[in-house]
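Let's walk through how two parts of one chain sit against each other. Have the structure open as you read.

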Amino acid sequence: MRPFDYTRAGTLDEAGAQLGKTAAVIAGGTNILDLMKLQIMTPERLVDIGRVPGLDGIEADGDGLRVGALVRNSDLAADGRIRAGWPVLSRALLSGASGQIRNKATTGGNLLQRTRCPYFYDPAMACNKREPGAGCAAKEGVGRMLAIFGTSEHCLAAHPSDMAVALRALDAKVAVRAADGSERTLPLDEFYRLPADRPDIETVLGPDGIVTGVVLPAPVAGSVQAYRKVRDRASYAFALVSVAAVVTVEDGRIARARLAFGGVAPRPWANDAVTAMLEGEAPDDALFRAAADRLTADAAPHPDNEFKLPMLRRTLVSVLRETTGLAEPSIGTDRTDAAA
Amino acid sequence: MHTQLDVNGRAYALDHDPRTTLLDALRDHIGLYGTKKGCDHGQCGACTVLVNGRRINSCLTLAAMHDGDEITTVEGLGEPGALAPLQQAFVDCDGYQCGYCTPGQIMSATGMLEEAKAGDPSHVSASLSGDVALDDSEIAERMSGNLCRCSAYPFIRQAIHSVEGKE
Ligand SMILES: Cc1cc2nc3c(=O)[nH]c(=O)nc-3n(C[C@H](O)[C@H](O)[C@H](O)COP(=O)(O)OP(=O)(O)OC[C@H]3O[C@@H](n4cnc5c(N)ncnc54)[C@H](O)[C@@H]3O)c2cc1C
Ligand code: SF4
Ligand code: FES
Ligand code: FES
């Protein structure tokens, strides 16, 4: 690691004042220390927000919940309210990393973890995300793990978070504190930027912004929720593709369907046209196949990851069958309570 | 910089570079070599310790972040002649070959058994609502953060089975 100053912030104001262009927040440390050891991130100052009070709780927020930025991934997954009302979030968290890492990883850090593109991880290779304007070695390189949606000619990398995919399907918002102390909440599609010509700027946070938490809207009564992750080994691996679904069937028709896709884009991916095809319709295999075809019609794969298109289509169809009752639910598909 | 650690019930005052990981503090500053460095990147679990009772990878955290924390390493679980049940079970079940991953396996299993006792679900739990039955697939999933190059997995699972619910 390059030398750095370590400061521990006692309050958000203190943290905000200590941040800036050459500084970085450290929360759990499980991603940033990995990257600092490889000198891929080289902050001159680390601002430890781990002991800032008020960020480590899960509290009622209207009919929903507000999850503090420092809540550990394992605590969030195991929370009784989350398991009952937002089970897709528990499932997504439990599918990620390992028991040890989930005990350390935080909600904010998980949202802001960096890509696993192998060329981003190799300082000897050109990477626009590490060094804007340097070029992108992945384009002509091995592209198995890269994205198929939302990429640009400057960067093809996928966002690795499982948690964020579930949050997108739950229409959650990210609470962000600006340098002047003002706070706003943003849907994930506004929080995460697409790469365009600046893949190094991944969110709208800015150098001294701090994520303070995540806001979950009221649970969707009577929904069936699922997180399905497809990967190279059964555990402790990043997603090749994943699907998060929150689906409600009423009177034999799909009343509501929220879907998000992981491992396939620079941010959790969603597609309104697919949702529109499903809502109001009776569950049906031909419909599900058509929706899956619609989803991948927009894909722009790398020659190495064309396999992700049929894989994503099949995963979506399978998840839709289970969440609408056409097939028996498997592990990872859970029902929430009907409204009281 | 200065950091106070409570390791296995003993207080240590460290004077260290900010870059020192908890793993390097334990090995190079305190001289407890039970905790192993496998990958130094969170991928193998050899460095697993308990911090305030919960298992984490000590390679992916800074010593400075743990000022005042209680750390338990494999040396703190038990010693030759007075082994903890899980340590004894690894001996009895042949839960290792070279032994390099073993301290991490034992510390991880110690934390894992507490998580299961608290009813925390895993990725392979059929239901999220509680009751955890630690069968082979549950143990394998919950221990997937600990790699064993010698592939002693069947005996590691057997060792963990043999102490489950016994303490
Ligand atoms: C071996 C391994 C396997 C993994 N597998 C998976 C997986 O399968 N699925 C998955 O989703 N993840 C996986 N992960 C990634 C893991 O989920 C992340 O490392 C973790 O969530 C990051 O959280 P943290 O609190 O440790 O973040 P840190 O490392 O502390 O921070 C990460 C980034 O976020 C910034 N940051 C953190 N908190 C804030 C905040 N509140 N405000 C502003 N900036 C902030 C930091 O500056 C840094 O850039 C894996 C990690 C490892 C090491
Ligand atoms: S795909 Fe993105 S992260 Fe990977 S090398 Fe290209 S610019 Fe870097
Ligand atoms: S040395 Fe820490 S996980 Fe490998
Ligand atoms: S016993 Fe050799 S690595 Fe596990």
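Across the interface between domain 1 of chain B and domain 2 of chain B, the rule picks out 1 salt bridge, meaning a side-chain nitrogen of Lys or Arg within 4 Å of a carboxyl oxygen of Asp or Glu. The partners are Arg55(B) and Glu115(B), with their closest N and O atoms 2.8 Å apart.

A quick word on what you're looking at: this is a predicted model, where local features need pLDDT of at least 70 and side-chain atom pairs count only at pLDDT 80 or more, while totals for chains, interfaces and linings use all residues. Residues are numbered from 1 along each chain as its sequence is written, chains are lettered from A in the order in which they are written, and side-chain values use heavy atoms, leaving out hydrogens and water.

Now step back to the two domains. Domain 1 of chain B covers 2–73 and domain 2 covers 85–163, with bounds from an automatic or database domain assignment. Their C-alpha centres lie 22 Å apart. On each side, 14 residues are in contact with the other domain (heavy atoms within 4.5 Å).

How much area is buried between domain 1 of chain B and domain 2 of chain B? It's about 1,100 Å², with carbon and sulfur atoms giving 55%; this is the accessible area (1.4 Å probe) that two parts lose on being put together, summed over both. On the domain 1 side, Lys36(B), Thr48(B) and Arg55(B) supply 46% of what that domain buries against domain 2, more than any other three residues. So Arg55(B) turns up again, having formed the salt bridge with Glu115(B).
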